[in-house]
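Dear colleague,

Please find below the structure that I am handing over to you, together with its sequence. My notes on it follow.

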Amino acid sequence: VVRSYSPMATIGGGIVLDSAPQRHRKADSTVLNALEAKERGTPEDLIETLLKYQPLGIVRKDIALQVGLPADLTDTTIQTLYAQGKTIALTGDRIFHTQILQNLTHKATFLLNQYHTQNPLKAGMPKEELRSALGREVDTRLFPALLHHWEDKKAVEVTGITVRATGFKVQLSEKQEALLSRIEAFYQECGIVTPSVQEVSKGVMAHPDAIEPLLRVGTEQGRFERVAEGIYYDAQTFINLKEQVKNYITTHGGITVAEFRDMTQTNRKASLLALEHLDAVRFTYREGDVRRLG
């Protein structure tokens, strides 16, 4: 009811359709359509309209509060909308309008494809980088559920800490493939005394900036074993190394750094690096100064 203060008189009245409206342009068609839906007042109209304004969905229990419906009617209506293909539930309690979730999915795949174009030798985009690019509203609790949904819909592929668009694969040019083969051969010659990137650069006569990306690709292809930042074994050297260590421990019950150094005829630094990596991949474990089979 609208009344004047002085003189005290009733001017008119009406029904409040939105008690907490967001700022919007005058005569915004989207807002007007939403108000018309609220005026019609069917449970389906009320809940669908609410969900269309939630870019990151809304928790199920909050829907009833915002539309002013009983909880049981709200749940029934959500199920009806779900049966009509208009809603999707993530993590069991966060409800999205289907179109809103599709928009978010399209944004994610666009960002991934853009990343692949800019980084053709990287297997995927770091998860946290994708989450940040989607907007700060996509928090760490919601993001895993979104990734799971996108994987289920075959929109993305997740491996470890990276995400890629479904079907994306690193494609090497003939020149890059030839350089990777030279790098692999150089590592095979070095054995477990792993060279630095600078040493590889000189050995294969290529710029250091070209070496590291190809080593990452080679690791993803199973041609290299990454030991630490900038440190790699070629795959066959690592297989041979594990076999040597296994045979030695089986025979002697364990192996020390000194024994490993003598067995492989390398230096202490290379021996420590190798054994620490074998510990990291749980092929061995340390017991005092001795390594045993994991």
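**Two crossing helices**

The axes of helix α9 (residues 197-204) and helix α10 (residues 208-220) come within 9 Å and cross at roughly 105°. Axes here are lines fitted to C-alpha atoms, for helices over the stretch in contact, and angles run from 0 to 180 degrees between N-to-C directions. The two helices, α9 and α10, are therefore roughly perpendicular to each other; angles under 35 degrees count as roughly parallel, over 145 as roughly antiparallel, 65 to 115 as roughly perpendicular and the rest as oblique. On the α9 side the contact (heavy atoms within 4.5 Å) is made by V197, Q198, V200, S201 and V204, and on the α10 side by P208, I211 and E212. These residues divide into 5 nonpolar, 2 polar and 1 charged, where Ala, Val, Leu, Ile, Met, Phe, Trp, Tyr, Cys and Pro count as nonpolar, Asp, Glu, Lys and Arg as charged, and the others, Gly among them, as polar.

**Basis of the model**

The model is predicted: local features need pLDDT of at least 70, side-chain atom pairs count only at pLDDT 80 or more, and totals for chains, interfaces and linings use all residues. Residues are numbered from 1 along each chain as its sequence is written, and side-chain values use heavy atoms, with hydrogens and water left out. Helices (H or I, at least four residues) and strands (E, at least two) are DSSP runs, numbered from the N terminus.

**Sheet and hairpin**

An open sheet of 3 strands, with antiparallel pairing, runs in the order β3-β5-β4. Its edges are β3 (58-59) and β4 (87-90); each has a single partner strand, so one side of each lacks a neighbour in the sheet. Helix α2 (residues 43-52) packs on this sheet and touches β3, β4 and β5, its direction making about 90° with that of β5. Between β3 and β5 (residues 94-97) there are 2 bridges; two strands pair if DSSP finds at least two bridges between them. V59 stands opposite R94 in β5.

Strands β11 (residues 284-287) and β12 (residues 290-293) pair in the antiparallel sense over 4 bridges, with T284 opposite L293. They form a hairpin with 2 residues between them, and G288 in the turn has a positive phi of about 70°.

**Helix α6**

In α6 (residues 127-134), L130, R131 and L134 are buried; buried means under 20% relative accessible area, exposed over 50%, and partly exposed in between (1.4 Å probe, protein chains only). They cover an arc of only 100° around the axis, which puts them on the same side of α6; the arc is that of the directions from the helix axis to the C-beta atoms. The buried residues of α6 pack against α5 (98-118), β6 (125-126), α7 (143-152) and β8 (162-165). After α6 comes G135, with a positive phi near 120°.

S271, in helix α13 (residues 268-280), is buried, with a relative accessible area of 0%. Leaving aside neighbours within four places in sequence, S271 is in contact with V257, F260, R261, T264 and T266.

E151, in helix α7, is partly exposed at 34% relative accessibility. Leaving aside neighbours within four places in sequence, E151 is in contact with V156 and V158.

G68 lies in the loop between α3 (60-67) and α4 (71-83) and is exposed, with a relative accessible area of 61%.

Yours sincerely
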